[in-house]
Amino acid sequence: MTEPFGARLRRATDERGPLCVGIDPHASLLAEWGLDDTVEGLERFSRTVVEAVADRVAVLKPQSAFFERFGSRGIAVLERSVEAARAAGALVVMDAKRGDIGSTMAAYAESFLHKDAPLFSDALTVSPYLGYGSLKPAVDTARENGAGLFVLALTSNPEGSEVQHALRADGRSIGATMLAHLAAENAGEEPLGSFGAVVGATLGDLSSYDLAINGPLLAPGIGAQGATPADLPRVFGAAVRNVLPNVSRGVLRHGPEVGALRASAERFAEEIRAAVAPA
Ligand SMILES: O=C(O)c1cc(=O)[nH]c(=O)n1[C@@H]1O[C@H](COP(=O)(O)O)[C@@H](O)[C@H]1O
């Protein structure tokens, strides 16, 4: 049986440090890199990021939207990027934020989490806002294939709070409910469960939330959205051990030089290591 995602992630972050670099080929970044806003520009951008960091950071997170923009040829670039990143030793979190009713969710799960799928990724971002239970086919497919999920719990964007901070009849917030579902999913798993939460690094003190889900906490928001590695202990408290910070534009803006991209990722990795080191 394939080793579960949580165990593979723990090993990768122990070896390479806890950093996820996003592959987000914004049109504006393509222009800054001197590339055309075409599928050729997309491929060049993505290849360069993989070449720069896939052999040294723990995780790469391609943002599917920027590839889908180019139709089937963009998806082909995404497939090649995933394959190249994994071949260089990085884990790949596909950021496609899928979410649908159970039977359709099963098809999304087949697309990204089945080991024979062309877009197989080590983990997938998913939206639980059709009800956590609607994600069950993705949970099952992930378990069967040694893959994982990152469930949107407390997102980094300011609009997220109208849904995620809303209170249920029993007084618990929706975001806290998602965290509780994940804690149940990961119960007893060692060294780390495979079912993570997305929790923004931009959110300030989260001590009112129980972040001890025994799974990874993907933390976007560092760099372009204003959070810094130094914020991590204050935001995540004791759960900082399981945080996987994501930086996309904060690194990508240093391209197109491979050396400059690499140096930026290494600076973030070092700052994160220093911030999350036990006192
Ligand atoms: O799931 C995500 O990765 C995600 C969740 C969230 O709450 N906020 C968030 O910014 N993201 C993604 O993380 C990346 C952040 O990019 P930068 O702001 O450029 O570092 C983008 O790909 C977002 O889609």
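Analyst: Lys97 is partly exposed, because 16 other C-beta atoms lie within 10 Å; a residue needs 20 or more to count as buried, and 12 or fewer to count as exposed. The model is a predicted one, and that applies to everything below. Lys97 belongs to strand 3, which covers residues 91-98. Its phi is near 45 degrees, a positive value in a residue that is not glycine.

Asn214 also has a positive phi without being glycine, here near 55 degrees. Asn214 sits in the loop between strand 6 and strand 7 (217-219). With 19 other C-beta atoms within 10 Å, Asn214 is partly exposed.

Next comes Asn242, in the loop between helix 10 (232-236) and strand 8. Asn242 counts as buried because 25 other C-beta atoms are within 10 Å. Leaving aside residues up to four places away in sequence, Asn242 touches Leu192, Gly215, Pro216 and Leu217. Pro62 is 180 residues from Asn242 along the chain, and 21 Å separate their C-alpha atoms.

The peptide bond from Gly255 to Pro256 is cis, with omega near 5 degrees. A cis peptide bond also joins Glu190 and Pro191, where omega is about 0 degrees. Pro191 lies in the loop between helix 9 and strand 6.

Helix 9 spans residues 174-185, twelve in number. From its first C-alpha to its last, helix 9 reaches 17 Å, close to the 16 Å expected at 1.5 Å a residue. Its buried residues are Gly175, Ala176, Met178, Leu179, His181, Leu182 and Glu185. An α-helix has 3.6 residues a turn, so residues three or four places apart point the same way. Among the elements that cover the buried residues of helix 9 are helix 7 (136-145), strand 5 (148-154), helix 8 (161-164) and strand 6 (195-199).

Helix 7 contains Asp140. Asp140 has 13 C-beta neighbours inside 10 Å and therefore counts as partly exposed. Its C-alpha atom is 34 Å from that of Val251, a residue 111 places away along the chain.

The last stop is a pair of helices. The axes of helix 3 (residues 39-53) and helix 5 (residues 71-87) come within 10 Å and cross at roughly 10 degrees. Helix 3 and helix 5 therefore count as roughly parallel, a term that applies to angles under 35 degrees. From helix 3, the contact involves Val39, Leu42, Glu43, Ser46 and Val50. Helix 5 contributes Arg73, Gly74, Val77, Ser81, Ala84 and Ala85. The residues of this contact divide into six nonpolar, three polar and two charged.

Note on methods: Residues are numbered from 1 along each chain as its sequence is written. This is a predicted model: local features need pLDDT of at least 70, side-chain atom pairs count only at pLDDT 80 or more; totals for chains, interfaces and linings use all residues. Helices (H or I, at least four residues) and strands (E, at least two) are DSSP runs, numbered from the N terminus. The expected span of a helix is 1.5 Å times one less than its number of residues. Two residues are in contact if their C-beta atoms, placed from the backbone, lie within 7 Å. Axes are lines fitted to C-alpha atoms, for helices over the stretch in contact, and angles run from 0 to 180 degrees between N-to-C directions. Angles under 35 degrees count as roughly parallel, over 145 as roughly antiparallel, 65 to 115 as roughly perpendicular and the rest as oblique. Ala, Val, Leu, Ile, Met, Phe, Trp, Tyr, Cys and Pro count as nonpolar, Asp, Glu, Lys and Arg as charged, and the others, Gly among them, as polar.
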